[in-house]
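Student: Could we go through this model together? I'd like to see what stands behind each label before I use it.

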Amino acid sequence: MPKKTKAEYYHANRVNLPEFLQQNGFELKKEGQHEYRWRGILGASVSIKDNAEGEIGLWNQWSMERGGTNIDFVMQFLGKTKEEAVDMLNDDAVFDKNFVPPKEAYTSLSEPEKIANHQNQCRF
C-alpha cells in the first residue's frame, strides 16, 4: 500500500464522523447540539463530536479512558490499519492530493497532545 500524503491524513480526520458512521450502518443517537452517542460492542458507550467542516473529528469512550480522531475510531472499532482507515474515510472525497495543509495543522505537539488540547477547549 503506497504511503499516504499529509493531505490524505488531513482530510480523513476532517470528514464528518457522525455522517460517515451513519452512512456505514452505525446507529447513532443525537445528544445535545454537537454530540452523538454510539452504543458499540458489548454496550460500549462512545461520544462522537459532530465536527463542522474543517474541524477534526473526535470521539471519546470515557469508561475506557480513550478517544481520538476519525482515523483512530476506524482503527479501533473497525479493525483497520492506519492506511486502510485513511482510504476508507477518504473513499468518496474529492480533493487535491497535492494540497499542503495549513502550517497550524502541524505544530510541534504530538497528535495526542493536539487532541487533548482540542478536547479541553470544546469539552463536548
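Student: What makes the pair of tryptophan 59 and phenylalanine 73 edge-to-face?

Tutor: Their centres are 5.7 Å apart and the planes stand at 85°. The distance is within 6.5 Å, so they pair, and the angle is over 60, so the label is edge-to-face. Tryptophan 59 is in strand E4 (residues 58-61) and phenylalanine 73 in helix H3 (residues 70-78), so the pair ties together parts 14 residues apart in sequence. Helices (H or I, at least four residues) and strands (E, at least two) are DSSP runs, numbered from the N terminus.

Student: Which residues form one aromatic cluster?

Tutor: Phe26, Trp38, Trp59, Phe73 and Phe77 do.

Student: Before we go on, what kind of model is this, and how are its residues numbered?

Tutor: It's a predicted model, with residues numbered from 1 along each chain as its sequence is written. Local features need pLDDT of at least 70, side-chain atom pairs count only at pLDDT 80 or more, totals for chains, interfaces and linings use all residues, and side-chain values use heavy atoms, with hydrogens and water left out.

Student: Why is lysine 4 called buried?

Tutor: Buried means under 20% relative accessible area, exposed over 50%, partly exposed in between (1.4 Å probe, protein chains only). Lysine 4 has 10% relative accessibility, so it counts as buried. Tryptophan 59 and phenylalanine 73 are both buried too. Across the 124 residues of the protein, 40% count as buried.

Student: What makes lysine 4 and aspartate 87 a salt bridge?

Tutor: The term needs a side-chain nitrogen of Lys or Arg within 4 Å of a carboxyl oxygen of Asp or Glu. For lysine 4 and aspartate 87, the closest N and O atoms are 2.7 Å apart, so the pair qualifies. Lysine 4 is in the segment before helix H1 (6-12) and aspartate 87 in helix H4 (residues 82-89), 83 residues apart, so distant parts of the chain are linked. Aspartate 87, at 31% relative accessibility, counts as partly exposed. The whole structure has five salt bridges.

Student: How do you know that Glu31, Glu35 and Arg37 belong to one network?

Tutor: Look at the partners. Glutamate 31 meets arginine 37 at 2.9 Å, N to O, and glutamate 35 meets arginine 37 at 3.3 Å. Both distances are within 4 Å, so both pairs are salt bridges. Arginine 37 is a partner in each, and salt bridges that share partners join Glu31, Glu35 and Arg37 into one network. Arginine 37 is buried, at 17% relative accessible area, and so is glutamate 35, at 12%. Glutamate 31, at 26%, is partly exposed.

Student: How do you know that E4 and strand E5 (residues 66-69) pair?

Tutor: Two strands pair if DSSP finds at least two bridges between them. E4 and E5 have four, in the antiparallel sense, so they pass. Asparagine 60 stands opposite glycine 67 in E5. The hairpin of E4 and E5 has four residues between the strands, and glutamate 65 takes a positive phi near 50° there.

Note on methods. Rings of Phe, Tyr and Trp (its six-membered ring) pair if their centres lie within 6.5 Å; planes under 30 degrees apart count as stacked, over 60 as edge-to-face and the rest as tilted.
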